[in-house]
Structure formats: structure tokens, C-alpha cells
Amino acid sequence: MPQRNLVSWTAMISGLSQNSKFSEAIRTFCGMRICGEVPTQFAFSSAIRACASLGSIEMGKQMHCLALKFGIGSELFVGSNLEDMYSKCGAMFDACKVFEEMPCKDEVSWTAMIDGYSKIGEFEEALLAFKKMIDEEVTIDQHVLCSTLGACGALKACKFGRSVHSSVVKLGFESDIFVGNALTDMYSKAGDMESASNVFGIDSECRNVVSYTCLIDGYVETEQIEKGLSVFVELRRQGIEPNEFTFSSLIKACANQAALEQGTQLHAQVMKINFDEDPFVSSILVDMYGKCGLLEQAIQAFDEIGDPTEIAWNSLVSVFGQHGLGKDAIKIFERMVDRGVKPNAITFISLLTGCSHAGLVEEGLDYFYSMDKTYGVVPGEEHYSCVIDLLGRAGRLKEAKEFINRMPFEPNAFGWCSFLGACRIHGDKEMGKLAAEKLVKLEPKNSGALVLLSNIYANERQWEDVRSVRMRMRDGNVKKLPGYSWVDVGYKTHVFGAEDWSHPRKSAIYEKLDTLLDQIKAAGYVPRTDSVPLDMDDSMKEKLLHRHSERIAVAFALISMPIGKPIIVKKNLRVCVDCHSAIKFISKVTGRKIIVRDNSRFHHFTDGSCSCGDYW
């Protein structure tokens, strides 16, 4: 064009910005100024949107100054885009200031405000902004509803979310696919799966992969893995392609439930759709194999990642930590740092856990004290709790108590529970009583604290004190958490309790148990009757130990699973000392590898020994 005017410059800037050519849009804006043209509100709006998309707050501030110079800084389009730019760049103070200075505010400016608060995690402020918007009778559209519902979901504010849902129905947005997805997501995050399912079922034509993934994620978070898998099957039946978030949620569920069969099937589908290179999916696969007890497969899944992210490295450090392989966790951590990947708070929780389970006390303390100085990570409650656990497991109770006294805050429930468990193992009833009282104050309904205290008294044969604790539990209506063990055979999970007579194959199971008892006694097994905290004779204690849930699960797996397939037993409580000893002997007399995942770590039993080295 031999001559360009304000209209042609503005059209060019807007066109470039709308087509994601943000740097070119800003250069064109600068060219327009060099030619002496005074930008309109539309040219400013497009240029500021480009700054927001590039995350360039410095250029955005220059645009803001220029807009103020020309007297249009508070104009509706310019103000809304400035507000959006500041909020996207994390400068909410500046975004609020622009918003307050605008004489007229429309739904776009209000939405930018609410969305900005949500993006930086200020969810309560987002909901307050929505309330003010309602009070000022500003028109509500689907965009502001989606942002507000997102904030409700993050806060699990179901009551507020229901009131927003009422507005959705009143305004006729129920069939809007984006609003429907936001509602499903909100109810799912709040744990109200009945309402999430009802919203999901309103209009089958208004569902997409996001709708299904939100529902799946809700079922996963509420530990309803079977329902989550059913929704996934329905998604595939409808011909909708799952995305990386769908697979991440389902594989995470398989990891938490140690559901190996379903996890490997999902892995196959992930490879088929080429999602195994996605950083989230690949990292969750490492975690899944680790939590299913298959250490070699977890390492292989990690090695197949081309350029591991921080999440992938954290997953591998966590896997070694859960398996009690502290030295390996340290090696992976060092490799991670050498590759230039910055460790974060989660990395150190996994690293300290690994040191704790492996008895690497000095190494763990060195890493804890280097967190802030060397790596710029400020230790939080979880890290302090890990150090309490580290010292307690090693029997250094006096040091652990001194560490607790020096802490900048009171230990959390995990910290006191770790200290109490250490007092129980090492027989310190005075410190144990203190830890139990602290833990009961934090969690009045936590039966574990009083049970551990009772066990400390039982070890000292102080039966009156044991009865006193039991009476306190009964009067406070605190019930002991029953111990369960479960094992997957085929596509079915078989759950067992202590003295469990309910399984259809009970005769074969108990016949196997009796045979195993004879075999392991011949191999040198001696029952640890002192591990039963009850006032009864040793023969009765031996019978109780013989029918513990983990032993029943192992016996069932031995008669049900072919040789060569790993036996993986899961337990909701800490594996008892006697069962740990018995399973070592079972692995020796049967020649089978047995993996037991209790509530804190993995035990790999092979040929009469355990990977934990009897330190757990």
C-alpha cells in the first residue's frame, strides 16, 4: 500500500494478534507509532492481548503508560485487556487497580478479574468478585460461570457451587457443553459424585472428552476405580478419543490401588495412541509400576522417556523411596541435579523417606539441612515429619525429641504418629504416652494412636494400663481400624481379614496355610508371640498369628497363581513382625518371590530374606 491509515494499521495489528502472531503484532504496533499514527482503543486492545499471550509484562506496562498518555487507559476495551494482561502475568495488584479505575465494567472485565484470581490460586477472592458482580447486576455469561465453578471446585465449596448451578439453570446454560463440563468438574472435585453423574447425564449430545475425563477423575479421587473404568469404557464405546488427562487419571487410580492388570492394559492403549511420550502420562506410568511393586518395569518406563521432566525424576526417586532403596534414591537424586533439573519440595519428601526406610540417618540429615541453603527449597511440615521418622526408626528417640522441640511449629499428625511408632518399636513408654496424647489432640478419632499406646503397655506387660486405654477407646467411641490384605488374581481382587472364613476356597486356603506352617517350622521359623499385645497364653497367640490377613492372602496366591508370576499382596496396616518373619521363610520353602505393600513401604521377599533388611 503506497499509503497506510489508522484503519489499515489497526486491521493489521488485530489480524496478527487474532492469528497468534503476537510478536509481529507488537512490532506492527511499534511501526504504527513510528509513522506518527495515534492508536485507537482497538489497536491498543489487540497489542495488549499480544503482550498477555507472550507473558511480557514489561511491554504490557509500556502499552499501559501509552494508553494513559492518550487518555484511554480506563476505556472499557483497553481496561479489560490491561486487567487480563496483568492477571495472566500474575500481577493481581495491578490488575485490581486497573479494574477499580474503570468507570464502566462489563462482563468481560469481571470475568477477567475472576479468572485472574483463579489462575493464581486466590479462589476465595474469585468467589467474592462473583458475589459483587451479582450485586451490581452485571450480565452473567457462560465464561464467568465456568471461571467461578472452577474456583468452587478448587475450594471444594459445594454449597456455593450449588447456588451457581441454580444460576446456570435460571439463565438456560445447562446445555452449554463448557458450563456442563465445569459443573461436572466442580461436583467431582467436591466429592459429590451423585450430582456430578446427574449433570453428566443431562444431555448425551453435550459431552466431549473433557466431560468424561472430569467424571473419571472424580471417581478416581473418591477411590471408585471400577466406576471410573466403566466411564472410560463408555467413552471408547462412543468413539471419543481419550486424551492425556484421561489416561493420567486412570493410571493414577491403578497406581493407588496397585491394580496391575488394568494398569498394564492402559499402558498398552497409551502406547497405541502415542501418549507414552507425554510428560504427565510417562511419569504416572513410572509411579504405577513402582506402586504395583514392579521396580524393574518402573525403571524401564523411566528409561524410555526421552527428556525426563521434574515430575518423572520425582516419580523415580519416590519409587526407590517406597521400596526402601535409600542409596538408589540418592543416586537418582544426584543424577537429577547433574542433569540441571531443579529439585522441589516433593523431591525431598521422597528422598528423606528413602533415607528413613534404609536407615541412612546422616545422609538424610545432610539433605534436610541443605534444602534451603543449597537448593532454595524451604522445608515444610512434611519434611520435618520425615526427619522425625528418620531419627525415630533408628532408635535415636532423644535426638528426635530435641528436634521436635527446635521445630518452628508443632509436628503434624504424621510426625507424631512416626514418633509414636518409634516409641512402640523401641519400648519407650514415657515418650510414647506424650506422642499419643499429642496425636489424639490433633486427630481425636485416630484409633492408631491409642492402639500403639496400648501395644507399648502390652510389651511391658502392664495389662491394667492396656485395659485403661481400651476403655478410653470404648468410651470415646474410637474403633480400631481392622487389618485387611488383598491380592489380585486375574481381573478380580480378593480381600481377606484376620481369621477370615468367608472365601469360597477357604478349605484349600487353610489347608495350604497349615502345610506352610509345618514347612517353615522345619526350616527354622519360631513364632514371635510377643508381637500379640493380648494377655493370653502363647499357644493362643500362635493360632492368632497363623491366621493374620497377609498370611491368608499369600496362601491363596500360592494356590491360585502360576509359578513365574509375581505374588503381590497389599495391606492397609503395617505388616506385623511375626508375619514378616513367616513370609521370609515361605519365600524360602516355596522358591517364590513375594512382594508385600503395607501402609508405608514395599517388602520384597526372596529366598528367605527381605529387601528391607529387617529395618522398617
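1. Across the interface of domain 2 and domain 4, the rule finds zero salt bridges. Four residue pairs, both members at pLDDT 80 or more, are in polar contact across this interface. The model is a predicted one, and these contacts should be read accordingly.

2. Domain 2 and domain 4 bury about 430 Å² between them, with 47% of that area on carbon and sulfur atoms. On the domain 2 side, Gln322, His323 and His357 lose the most area to domain 4, together accounting for 94% of what that side buries. The centres of the two domains, taken over C-alpha atoms, are separated by 32 Å. Four residues from domain 2 and four residues from domain 4 take part in the contact.

3. The domain assignment places domain 2 at 308–379 and domain 4 at 484–610. It also gives domain 1 (1–104) and domain 3 (382–481).

4. The largest nonpolar core holds 157 residues, of which Ile251 and Phe419 touch the most other members. Beyond its neighbours within four places in sequence, Ile251 contacts Leu266, Val270, Val281, Ile284, Leu285 and Met288. Another core, of 34 residues, lies apart from the largest one; Leu545, Met561, Val569 and Ile583 are among its members.

5. The structure contains zero disulfides. For Cys35, the nearest cysteine sulfur is that of Cys30, 11 Å away; Cys35 counts as exposed because its relative accessibility is 53%. Cys610 is likewise in no disulfide, and the sulfur of Cys612 is 3.5 Å away, whereas the cut-off is 2.5 Å. Cys610 is buried, at 11% relative accessible area.

Conventions. Residues numbered from 1 in each chain as written. Predicted model: local features only at pLDDT ≥ 70, side-chain atom pairs only at ≥ 80, totals over all residues. Heavy atoms only, no water. Buried < 20%, exposed > 50% of the residue type's maximum accessible area, 1.4 Å probe, protein only. Core = buried A, V, L, I, M, F, W, Y, C linked by side-chain atoms within 4.5 Å. Contact = heavy atoms within 4.5 Å. Domains from an automatic or database assignment. Buried area = accessible area lost by both parts, 1.4 Å probe. Salt bridge = Lys/Arg side-chain N within 4 Å of Asp/Glu carboxyl O. Polar contact = N/O pair within 3.5 Å; in protein donor to acceptor, adjacent residues only side chain to side chain.
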